[in-house]
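Work through these exercises with the structure open beside you. Try each task before reading its solution.

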4 protein chains.
Amino acid sequence: MKAFVLEREWGQFHTPANLAKGISIEAAELLECFQWTDQGDKESVAHELADVLTYCLLLADKLGLEPEQIIREKLEISKEKYPVEKSRGRSDKYDRL
Amino acid sequence: MKAFVLEREWGQFHTPANLAKGISIEAAELLECFQWTDQGDKESVAHELADVLTYCLLLADKLGLEPEQIIREKLEISKEKYPVEKSRGRSDKYDRL
Amino acid sequence: MKAFVLEREWGQFHTPANLAKGISIEAAELLECFQWTDQGDKESVAHELADVLTYCLLLADKLGLEPEQIIREKLEISKEKYPVEKSRGRSDKYDRL
Amino acid sequence: MKAFVLEREWGQFHTPANLAKGISIEAAELLECFQWTDQGDKESVAHELADVLTYCLLLADKLGLEPEQIIREKLEISKEKYPVEKSRGRSDKYDRL
């Protein structure tokens, strides 16, 4: 992926703010697979999901963040915000539990 | 992550369509770190990026998609859409190259 | 606009949730005009902004909400959240003022 | 609304690109009302929809666009893209009709 960006000299466009925009834009294209249906076409979903992930990894790389580590750290925070006994079987936000 | 979801019995809410909505919502929270500035606070960015990635991984898991594989496949498609000689140093979309 | 939807028998797809998805999707297409530049092409911006507005009006109509009234009501709330003396010249969110 | 922005000296933050980001962010907050349910709370929906509309009107004003006019113009384009006889009762995108 880095070679792909490097060969095209696209690093100049990949500021953190632009990558964040890219993630939102690709996330909306993924959402479009489900706009009128709960059954998105699997191949289209795979492609759009790949785009979201790609921009996420480029942003993480840009900021020196390790994807697995930030996911683990956030999971610890979520465990505290959503204690099992309070949140079991409920989709409410933590401030409504 | 799967244990976290399982303990809270949240799998029932995690339809592909709902996860796709979640990805868009978290992507916007990430974008909010850059709403008025190009310099988002690194810790906030890390947390929001982790949320986007988490929902992406849950969606991939739900659909039986392998993140690394779909990223690689999409990269091959992008290589064809954006030949090095045409796209070098340009941020134009493929249909304008 | 209502005639346009009615003739095509699209009302059946326009649940509030689907219209909300539509607004997010069109908002991202608008954002795409500014993905790599602060100067979006004016005609493209006009078209995408019109799409966002159209879905907003369809959602308001669906829920029996009056656009001008909800904008005025929200403005009153924002006036209280962002007192002039505290928020002048600052882009901070109300909980950081 | 203009007085509200002027008093707070917020015009300096309201570049077209920043307003476009704002629209995407508020659209996602609206979508959040429907994240796990098709029945969003009406009052929350009204507030978030008002936020989307507010940023849309600020962007239109910034670019000298007349909301009603751009909606009408886009509607004409959509009428051509989606002929009644082809699109009646179908949610397909124009390139699949």
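Helices are DSSP runs of H or I of at least four residues, numbered from the N terminus. The model is predicted.

**Exercise 1. Where in chain A is A:Pro83 found, and is A:Pro83 buried or exposed, or in between?**

Step 1. Find the helices on either side. A:Pro83 is in the loop between α4 (67-81) and α5 (84-87) of chain A.

Step 2. Check the accessibility. Buried means under 20% relative accessible area, and exposed means over 50%. A:Pro83 has 23% relative accessibility, so A:Pro83 counts as partly exposed.

Step 3. Look across the sequence. A:Leu97 is 14 residues from A:Pro83 in sequence. Their C-alpha atoms are 9.4 Å apart in space.

**Exercise 2. Describe how α2 and α3 of chain A pack.**

Step 1. Take the geometry. Helix α2 (residues 16-32) and helix α3 (residues 42-63) of chain A have axes that come within 9 Å and cross at roughly 165°.

Step 2. Name the arrangement. An angle over 145 degrees counts as roughly antiparallel. α2(A) and α3(A) are therefore roughly antiparallel to each other.

Step 3. The crossing of α2(A) past α3(A) is left-handed.

Step 4. List some partners. From α2(A), the contact residues include A:Leu19, A:Ile23 and A:Leu30. From α3(A), they include A:Val45, A:Tyr55 and A:Leu63.

Step 5. Sort the contact by class. The contact of α2(A) with α3(A) has 13 nonpolar, one polar and five charged residues.

**Exercise 3. Which residues join α3 of chain C to α3 of chain D, and at what angle do the helices cross?**

Step 1. Start with the axes. Helix α3 (residues 42-63) of chain C and helix α3 (residues 42-63) of chain D come within 10 Å, axis to axis, and cross at roughly 155°.

Step 2. Apply the cut-off. Over 145 degrees is roughly antiparallel. That is therefore the relation of α3(C) and α3(D). α3(C) passes α3(D) in a left-handed crossing.

Step 3. Read off the residues. α3(C) brings C:Lys42, C:Val45, C:Leu49, C:Val52, C:Leu53, C:Cys56, C:Leu59, C:Ala60 and C:Leu63. α3(D) brings D:Lys42, D:Val45, D:Leu49, D:Val52, D:Leu53, D:Cys56, D:Leu59, D:Ala60 and D:Leu63.

Step 4. Classify them. The contact of α3(C) with α3(D) has 16 nonpolar, no polar and two charged residues.

**Exercise 4. At what angle does α4 of chain C pack against α3(D)?**

Step 1. Read the values. Helix α4 (residues 67-81) of chain C packs with α3(D) at about 95°, and the axes are 8 Å apart.

Step 2. Draw the conclusion. The range 65 to 115 degrees counts as roughly perpendicular, and α4(C) and α3(D) are therefore roughly perpendicular to each other.

Step 3. Pick out the contact. C:Ile70, C:Ile71 and C:Ile77 are among the α4(C) residues that meet α3(D). On α3(D), the partners include D:His47, D:Leu53 and D:Leu57.

Step 4. Divide by class. The contact of α4(C) with α3(D) has nine nonpolar, two polar and two charged residues.

Conventions:
Residues are numbered from 1 along each chain as its sequence is written. Chains are lettered from A and ligands numbered from 1 in the order in which they are written. This is a predicted model: local features need pLDDT of at least 70, side-chain atom pairs count only at pLDDT 80 or more; totals for chains, interfaces and linings use all residues. Side-chain values use heavy atoms; hydrogens and water are left out. Axes are lines fitted to C-alpha atoms, for helices over the stretch in contact, and angles run from 0 to 180 degrees between N-to-C directions. Helices (H or I, at least four residues) and strands (E, at least two) are DSSP runs, numbered from the N terminus. Angles under 35 degrees count as roughly parallel, over 145 as roughly antiparallel, 65 to 115 as roughly perpendicular and the rest as oblique. A crossing is left-handed if the near helix is turned anticlockwise from the far one by less than a right angle, and right-handed if clockwise. Contact means heavy atoms within 4.5 Å. Ala, Val, Leu, Ile, Met, Phe, Trp, Tyr, Cys and Pro count as nonpolar, Asp, Glu, Lys and Arg as charged, and the others, Gly among them, as polar. Buried means under 20% relative accessible area, exposed over 50%, partly exposed in between (1.4 Å probe, protein chains only).
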